[in-house]
Amino acid sequence: MAGHSKWANIQHRKGRQDAKRGKVFTKLIKEITVAARMGGGDANANPRLRLAIDKARGESMPKDNIENAIKRGTGQLEGVTYEEARYEGYGIGGAAVMVDCLTDNKTRTVADVRHAFSKYGGNMGTDGCVAFQFKHCGVLMFAPGTNEDALMEAALEAGAEDVVTNDDGSIEVISGPWEFTAVKEALEGAGFTAEFGEVTMKPQNETELAGDDAARMQKLLDALEGLDDVQEVYTSAVLED
């Protein structure tokens with residue numbers, strides 16, 4: 001058993017993400033382009049590309065946009081070359097923060113990220129200062145009231161690594177990052193549809209923040225997520241209302 005407010009927290013975060021859909025296509029196109037450049041344009045042989053394409057389809061991205069992003073990645077079309085960059089640091093209450101970026105100018109990006117940390121009460125740290133606190137994995141979240149035993153049996157049969165029941169009754173199915181799609185599809189075939197699912201960097205421990213501290217942390221996260229070069233922001237903070 002873990003996390004007394006996981007369900008409310010994930011719904012809150014999902015709502016905030018939905019409100020930022022205007023930037024979603026830009027981020028997905030960058031990810032598809034980089035995945036194709038690094039691992040080739042065949043989604044069947046490139047798990048990262050397949051994951052990016054699945055995510056893009058989930059956001060109703062037009063097929064032409066996806067295909068053109070792949071072609072830019074493989075060099076069939078001209079385009080900007082993006083580099084991956086990860087920055088780490090601490091937020092309010094010492095909560096771990098990890099920021100994944102795709103950028104064509106690392107000097108600009110590191111300055112923007114450092115400025116956001118310092119302006120909103122955080123501290124940018126050195127490479128590796130918090131990465132060890134996170135696990136790269138797939139997470140599928142099921143609503144309270146889901147049949148725990150049946151889901152656990154189906155999840156383990158589908159190749160999931162773990163099934164965690166939270167205090168609020170929500171259930172998390174954890175998979176390897178590249179097994180996420182296969183586990184999700186197998187569970188759907190068994191009659192279980194997740195309310196929320198993603199490949200993420202899951203914090204191994206959480207820092208609960210409430211009141212003013214939670215509000216300050218949210219401002220820091222919003223500032224980081226609002227930067228053009230930022231793809232994902234991961235944190236150990238759990239924000240209470």
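I began with Glu31, which touches Arg48, Ala52, Leu102 and Gln231, not counting residues up to four places away in sequence. The model I am reading is predicted. I placed Glu31 in helix H2, residues 24-39.

**Helices H3 and H7**

I then looked up how helix H3 (residues 47-58) packs with helix H7 (residues 180-189), and found an angle of about 50° with the axes 10 Å apart. That angle makes H3 oblique to H7. From H3, I listed Arg50, Leu51 and Asp54 in the contact; from H7, Phe180, Thr181 and Glu185. Sorted by class, the contact of H3 with H7 has three charged, two nonpolar and one polar residues.

**Sheet with E1 and E2**

Next I traced an open sheet of four strands, in the order E3-E1-E2-E9 and with antiparallel pairing. Which strands are at the edges? They are strand E3 (123-124) and E9, each of which pairs on one side only. Inside this sheet I checked E1 against E2: eight bridges pair them in the antiparallel sense. For one bridge I noted the residues, Ala85 with its partner Cys101 in E2. I found H5 packed on the sheet, where H5 touches E1, E2 and E3 and its direction makes about 20° with that of E1.

**Tyr90**

I picked Tyr90, which lies in strand E1. Its relative accessible area is 30%, so I recorded Tyr90 as partly exposed. Leaving aside neighbours within four places in sequence, I found Tyr90 in contact with Ala95, Val97, Phe117, Gly122, Asn123, Cys129 and Val130. How far apart are Tyr90 and Asn123 in sequence and in space? I noted 33 residues in sequence and 5.2 Å from C-alpha to C-alpha.

**Nonpolar cores**

I looked up the largest nonpolar core and found that it has 23 residues. Val99, Val113, Met217 and Leu224 have the most contacts inside it. The elements giving this core two or more residues are strands E1 (83-90), E2 (96-103), E9 (230-235) and E10 (237-239), together with helices H5 (106-119) and H8 (211-225). Which element gives the largest share of this core? It is H8, with six residues. I then listed the contacts of Met217, not counting residues up to four places away in sequence: Gly91, Ile92, Ala95, Val97, Leu209, Thr235, Ala237 and Leu239. I also noted a second, separate core of 15 residues, with Ala154, Ala155, Ala160 and Phe192 among them.

**Sheet with E4 and E7**

Last, I followed another open sheet, whose four strands stand in the order E5-E6-E4-E7 with antiparallel pairing. Why is one side of E5 and of E7 left without a neighbour in the sheet? Strand E5 (162-165) and strand E7 (196-203) stand at the edges and each has a single partner strand, so one side of each is left without a neighbour. I noted an average twist of 30° from one strand to the next. Strand E4 (residues 134-142) and E7 run antiparallel and are joined by eight bridges. Along this pair I found Lys135 opposite Lys202 in E7.

Notes
Residues numbered from 1 in each chain as written. Predicted model: local features only at pLDDT ≥ 70, side-chain atom pairs only at ≥ 80, totals over all residues. Heavy atoms only, no water. Pairing = 2+ DSSP bridges. Axes fitted to C-alpha atoms, helices over the stretch in contact; angles between N-to-C directions. Core = buried A, V, L, I, M, F, W, Y, C linked by side-chain atoms within 4.5 Å. Buried < 20%, exposed > 50% of the residue type's maximum accessible area, 1.4 Å probe, protein only. Contact = heavy atoms within 4.5 Å. Parallel < 35°, antiparallel > 145°, perpendicular 65-115°, else oblique. Nonpolar A, V, L, I, M, F, W, Y, C, P; charged D, E, K, R; others polar.
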